[in-house]
Every structure is written in structure tokens, then in C-alpha cells.
Amino acid sequence: MATHAVTGRAAPPVPELDAAEVERWRAGGGELIELLGLARERLGGLAAVRIGPQPTVLVTGPEAVQHVLARNPDGYVKRSHRARLLIGDGLLAATGDAWKRQRRLLQSQFTGTGMRRYERRIAAAARTTAQRWAGYARSGEVFDVGEEMRRFALDTIWRALTGHPLDDATARELTAVAAVVAALPSLPADEVEARGSVAADLARIDAVARHAVAAARDREAGPEGPGLLQVLVEASDTYPQYTDRLLRDELVTLLVAGHETTATTLLWLYLLLDRHPGAREEALAAGPEGSPERREAVQALVSETLRLYPSAWILPRHAAVADTVAGHAVPAGTDLLVCPYLTHRDPELWPDPERFVPGRFTAPGGRPARQGAYLPFGMGPRACLGTQFALRESVALLELLLPGHVPVFDSVPTGAAYGLTVRPDGPAPARLAPPSHGRHV
């Protein structure tokens, strides 16, 4: 039994949301985030919710978040990833020694010197998108901003993986990735049925992956040089675990993690700028093109978007051993949900949390100093490896697009869909107008 670290007595259980509140939520057919938000509001940063037969512990308080994700990662483990059907045994779903080996191999590719080799590829993908937007501006064509952001992010990660720019045929086949990601929340619980429901899309993804792995094995470097996939193929000479199947899983994992979250963040940002056009003007006024001041201001736009819509909006964990968190007992076997989405909207941490205020990330003292208060990519050993990659590609694109193009939306999504990511719940068709003609709301 867990004991309180100070008193030595048995720690009390985590306070639980009243069963009547849960039943009202069930009867109303609400979203899970609504129930979790109610639990946080009623009980604070550590709350139990009886979603199934046993209570699930919601973790949103910064200290509790840090305890679970950063200080005791071996005590709070991932049991299964919601996207396992798609990503197989790739890094996001891997556990134990396999995860440690895969993480070690990839870590150097996304930090320091490793990141520098992708700078030109990121810039090339951003220029390609900027050229496409210049064409939309000339023609007045209606296009979907979300699809544009997805194409840019997919082009960027494809260049990083293979050394090739994304061609139209591959782009068409890889729309299957977004289709499976969107389908995941509504798939049957039975794995065989679930796989059958998206079999055609999985087959398209597998075909692209097989071709890319075969090209890397044949050392067919792209025009931008060898890609990250080449590093993984070479690892198979040392680690027999890197079979063609694991190479496929790692490739698909990097495709999913490397484009879905970035594309969603950029779409949210454009929707927020549509409602708050002054934020764009302030960022551009922060300094001349290419200056550190403007880059910092553009980065702040991204950071504030990630506060409201974090890439990792919910992080499931399982207590491998009994523990005490924030003075409360967490028995072994307990399921936990760390929820950055709710942590980022806690008014005790973030004043006026529902407002889009990029200045939180540029003004001294604008954001909370407490560890665990801001974690859009998770934290601790399992934090997203591609954080710097995602931030650099987002800023690189925005530095090119923001000065010259303002999307004028024909319609905007009215809500959010909470799946693998938290994304707008509909399309975002728009035309491009000169900056001075942007719609102000």
C-alpha cells in the first residue's frame, strides 16, 4: 500500500468524480474531453473518473504530470498505442528494450548536427508550398488550407526520409495515412474487424513503404542525398530486429508523427489568425524579414497554437507499481490519462486560457515557469523526438507565407474532433487575398 511521504500514513485515494455526473455525461452522449474537463474543474489536477469498471486517474496538475512522465517513466508505462494497427511496432508503440534501442538510433537524427542536415530539405518544401500559394493568389482558386498544410508537412518528412521531394503519385497514395488516422476512433474493438475496415488503405501504405525500403536497401539516394530511411536500413546490418516489417513500421510511424501533427497545428494557426488578424500583423512588425525578432514572434504564434491544441492532447499510461502522486494513492494496475489539453487551459496556470495570446511566449513572465505546465509534445523520456523538426518546419513555412498571403475562408470548421490528434472537425476552403484585404472578425 502506498504511504504518504511526509506522514508515513496510508495515502488517501484519488478523489473521484461523482457517479451521477458521469451518468449525466453518458446520457448526453458527450465527448470524453467534456467529462475530463468536468473532473478537472470539480476536483483539480488529480482526479479519478469511472469510465469503465475501474477508476481512471486524470492527471493535469503540473507537479503530478512531471511525476508521472518525467520522474517515474518506468513506473508509468504505455501498454498499447491507439494507432498500433497503422504503425505496428514503430517507435510510438514500442515498449521495453525494443523502444530503448529504437529511440537511441533515432535520437541523434533529430538533435544538433542531425537536425542541420534537414534544414535545406525543410526550406525546399516550404518554397514549393509558397510557389503553389502564389499560383492560387494569381488564379483566385479555392483550395483547402488543411490539405495544403498536410501536403507541405508530408513533403517535408518525405524529403527527410528518402531524399526525394514528394511526387503527386506518392502524395495520392499517402492520403491513405490520413484516412486511417481519421478512422481510428470509430473502428471496431476487434482487431481483425478493425484491420478489415481499413484494409485497402493499409495496402496502399504498405506498397509505398515497400518501394521506399527497397530503394534504400539498393542505396538509391535521392537528389537531396540519402535520407533517414537509409540510416534505418543500415541499422539492420547490426540489429537483426530491423526486419523489413520493422522498417515499414518505423517508416509509417515517422510519416504519421512527422506530418499529421504539424499539418493540424498549422491549420489551427490559420483558423486562429482568421479570428485574430492582429496577431499576424504584430508578428510581422516584430522585425524585418529574416531577423531573429521576427522569427521569435512567428515561433510564438506556433507555441500559442500548440498551447490551445497540443500535438499530444492526451497521453495514456498504466501504473506498473503502486505509487503516491500528489499525496494520493495510485494502486498498481491503474490506468492514467495525462491531458496536456486541459493543463494548458488551466486558469490557475494560464490567465484567460481560452484566448489566443502569442505574447505569452515573448513577454517576460508571460508563461508559467513550473515544469509540467506546458507540454505540447509530451515530456520525459517518451517526449516526441521530432519536436525541433516540427517547430523548424512550421516557422520556415510561416516566414514565407505570412507576409504575402492571407487566406479568406469560405467557411470554417465549427468544432474539434478528438482522435489521435485534436483537429478541426471539417474542411477549411479558402481563397488568397492581399494582406490588406484579409477578413477581420
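Reply: In this predicted model, the second largest cavity is lined by Thr 261, Thr 262, Thr 265, Val 302, Leu 306, Ser 311, Phe 377, Ala 390, Leu 391 and Ser 394. About 50 Å³ of space lies in this cavity. Helix 13 (244-275), helix 15 and helix 17 each contribute at least two residues to its lining.

Me: How do you know how the lining of the second largest cavity divides into nonpolar, polar and charged residues?

Reply: Val, Leu, Phe and Ala count as nonpolar, whereas Asp, Glu, Lys and Arg count as charged and the others as polar. The lining therefore has 5 nonpolar, 5 polar and no charged residues.

Me: What is the class make-up of the lining of the second largest pocket?

Reply: That lining has 7 nonpolar, 3 polar and 6 charged residues. The pocket has a volume of about 380 Å³. Of its 16 lining residues, those closest to the centre are Arg 295, Arg 392, Val 395, Ala 396 and Glu 399. Helix 17 supplies the largest share of the lining, 7 residues.

Me: Why is Glu 399 called buried?

Reply: Glu 399, in helix 17, has a relative accessible area of 16%. Buried means under 20%, so Glu 399 is classed as buried.

Me: What makes the pairing of the Glu 399 and Arg 295 side chains a polar contact?

Reply: The two side chains are in contact at 2.9 Å.

Me: Why is the pair Arg 132 and Glu 148 called a salt bridge?

Reply: The N to O distance between their side chains is 3.1 Å, and the limit is 4 Å, so the pair qualifies. Arg 132 lies in helix 7 and Glu 148 in helix 8, 16 residues apart, and the pair links distant parts of the chain. Glu 148 is buried at 7%, while Arg 132 is partly exposed at 23%, because that value falls between 20% and 50%.

Me: How do you know that Asp 155 and Arg 159 are separated by about one helical turn?

Reply: Asp 155 and Arg 159 are 4 residues apart in helix 8, which means a separation of about one helical turn. Their side chains meet in a salt bridge of 2.9 Å, N to O. Asp 155 has 5% relative accessibility and counts as buried; Arg 159 is likewise buried, at 5%.

Me: Why are Asp 410 and Arg 431 called partly exposed?

Reply: Asp 410 has 44% relative accessibility and Arg 431 has 40%.

Definitions and conventions. Residues are numbered from 1 along each chain as its sequence is written. This is a predicted model: local features need pLDDT of at least 70, side-chain atom pairs count only at pLDDT 80 or more; totals for chains, interfaces and linings use all residues. Side-chain values use heavy atoms; hydrogens and water are left out. On a 1 Å grid over the protein atoms alone, a cavity is a set of points where a 1.4 Å probe fits but cannot get out, and a pocket is an open set with protein on both sides within 12 Å along at least five of seven lines; lining residues have an atom within 4 Å of a point. Grid points are joined across faces, edges and corners, and a volume is the space filled by probe spheres set on the points. Buried means under 20% relative accessible area, exposed over 50%, partly exposed in between (1.4 Å probe, protein chains only). A polar contact is a pair of N or O atoms within 3.5 Å; within protein, one must be able to donate a hydrogen and the other to accept it, and residues adjacent in sequence count only if both atoms are side-chain atoms.
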